[in-house]
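Please look through the structure shown below with this briefing beside it. The notes begin with one term and then go topic by topic.

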Amino acid sequence: MSKFIIEGPVKLSGEIDVKGAKNSALKIIPAAILSAKTIHITNLPNIEDIDKSLSLIADLGAEVKRDKSTVTIDPSGINKTELNPVFANKFRASIMFVGPLLARFGEVTFHQPGGCVIGASGRPIDLFIEGFGCLGAEIKYTEEEFYHLKAKKLTGCNYFFNVVSVTATEAMMMTAVLAQGTTTLQNCAMEPEIKSLADYLNKQGAKITGAGTPTIIIEGVDEINAGEFEIIPDRIETGSFAIMAAATRSDIIIKNCHPDHTRVLLNIFNKIGVPFTESKDTLHIKPTDKIKPYSIKTHEYPGFPTDLQSPYTILMTQAEGSSLIHETIYDRRLLYVDMLSQMGADIIMCDPHRIVINGPNQLYGKKLTSPDLRAGITMVISGLIAKGATEIDNIYQIDRGYEDIDGRLRALGADIKRIGTLNL
Ligand code: EPU
């Protein structure tokens, strides 16, 4: 198993490019199934989760030609409607294939997705199942934990999401594109990746209005085309690098990003004294001596993203005073806190959803294990701040979402070594 060894503390400097958004790429690949035509995707991040998604669509019979950050998918040869558990069970976003297969081929079989460390009892798919049922799918669940969904023709419906869910919103939106009649979705998630997906589908002949707002209306069409899709910059990478710069008091220019998609974090930077300038696609974070504390509560977009909760926590260990972090989206997304405490952070766990940080704390290098993707990048940031050597195991969890993170940080002056090979 490979690991990172980071020697700190270090001040970084220079420029870093943001890659394409993982959570957009993981939806546009399955969306390719909605058409029989070839799609060409650019700005594709070179990360583990994307490899898995491309393996899954290839296993269904699509032809996949990849060249670094671009991929061409020809779905005309798809000849299966069963998601191969060997590929599908490895990543939660395989659930995004279900709707497009159902919509285009009238049936789909898939295994109950595996558990995940950030949700207490796995991550549920009840909204997907209920939503597909609302569109007219007949649903069977076997003792072997396989779902079989069938529908001669899906029919538009009114569906209200009791919980705001990014992937369930996207799944219902994609599926309804080929349903007969009108679908109205309420209490939808509003992430920029959803709007970007809708814009592409509309260019190809879909009739979606309201994406990016709580109500999305889809007029079903018989078929759609395919074309070029450029993946938007990853707003969580942007935020992670901005926090990394602030926490290490570095001068970093973050390029190829959309600062507007991380507005809540930038508003907080103004409050806590992290200086920055921005243009349409660049963010320049400048060093500061004094960081003020500021409490946050995670929230669906445009609120504070759960995916930046752990990096923000490490920033607050460097702030002068106390702050409260309230994780509202996931039950088990504060698991990494113990490791920060071992490094010297003064953090009180109030309950499974809330912590209080009393900063500033000098951190010291330790042996750590990354429990999930976002906690993983937090450990990298903590290693850059800490005195001495920090060793991070299970970096597969970081490679899942951040392309060549060690190479890109070395270019900024970080002393980070990868022991073992890149897990791609
Ligand atoms: N939920 C249900 N039932 C469902 C689906 C979700 O109750 O059928 C609940 C979840 O348990 C959770 C809440 O809804 O409490 C929100 O989860 P959501 O479904 O929005 O999460 P997701 O769509 O599975 C996406 C991102 C996550 C990101 C969340 C929140 C993708 C592939 N994943 O997940 O990204 O944390 O939205 O913004 O888009 C990451 O990149 O590290 C990551 C975990």
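A salt bridge is counted where a side-chain nitrogen of Lys or Arg lies within 4 Å of a carboxyl oxygen of Asp or Glu. This is a predicted model, in which local features need pLDDT of at least 70 and side-chain atom pairs count only at pLDDT 80 or more, while totals for chains, interfaces and linings use all residues. Residues are numbered from 1 along each chain as its sequence is written, and side-chain values use heavy atoms, with hydrogens and water left out.

**Salt bridges**

- Across the whole structure, a search finds 23 salt bridges.
- One of them joins the side chains of E138 and K140, at 4.0 Å from N to O; K140 counts as exposed because its relative accessibility is 53%, where exposed means over 50% relative accessible area, buried means under 20%, and partly exposed lies in between (1.4 Å probe, protein chains only).
- Another salt bridge is formed by R263 with D260, whose closest N and O atoms are 2.9 Å apart, and R263 is partly exposed, with a relative accessible area of 28%.
- The side chains of D399 and R418 also meet in a salt bridge, at 3.0 Å from N to O.
- This pair links distant parts of the chain, since D399 sits in helix α13 (residues 396-399) and R418 in strand β23, 19 residues apart; helices (H or I, at least four residues) and strands (E, at least two) are DSSP runs, numbered from the N terminus.
- D399 is buried, with a relative accessible area of 2%, and R418 also counts as buried, at 16% relative accessibility.
- Through salt bridges that share partners, D399, D406, R410 and R418 are joined into one network.

**The open sheet**

- Four strands form an open sheet in the order β21-β22-β1-β23, with mixed pairing, where two strands pair if DSSP finds at least two bridges between them.
- Its edge strands, each pairing on one side only, are β21 (367-369) and β23 (415-419).
- The twist averages 20° from one strand to the next, with axes taken as lines fitted to C-alpha atoms (for helices over the stretch in contact) and angles running from 0 to 180 degrees between N-to-C directions.
- β21 pairs with strand β22 (residues 388-393) in the parallel sense over 3 bridges, and T369 stands opposite D393 in β22.
- Helix α12 (residues 373-385) packs on the sheet, where it touches β1 (3-8), β21 and β22, and its direction makes about 30° with that of β1; contact here means heavy atoms within 4.5 Å.

**Nonpolar cores**

- A nonpolar core is a set of buried Ala, Val, Leu, Ile, Met, Phe, Trp, Tyr and Cys residues joined through side-chain atoms within 4.5 Å.
- The largest such core has 77 residues, and those with the most contacts inside it are I41, I73, F110, M173, L201 and I208.
- Helix α6 (residues 166-176) gives the largest share of this core, 6 residues.
- Leaving aside residues up to four places away in sequence, I208 touches several residues, including M173, A198, L201 and I216.
- Apart from this core lies another, of 66 residues, among them I6, I381, I385 and A414.

**Buried places**

- S323, which belongs to strand β18 (residues 321-326), is buried, with a relative accessible area of 2%.
- Among the residues that S323 touches, not counting those up to four places away in sequence, are P293, Y294, M316 and I355.
- Helix α10 (residues 309-316) has 8 of its 8 residues buried, so it is largely enclosed by the rest of the structure.
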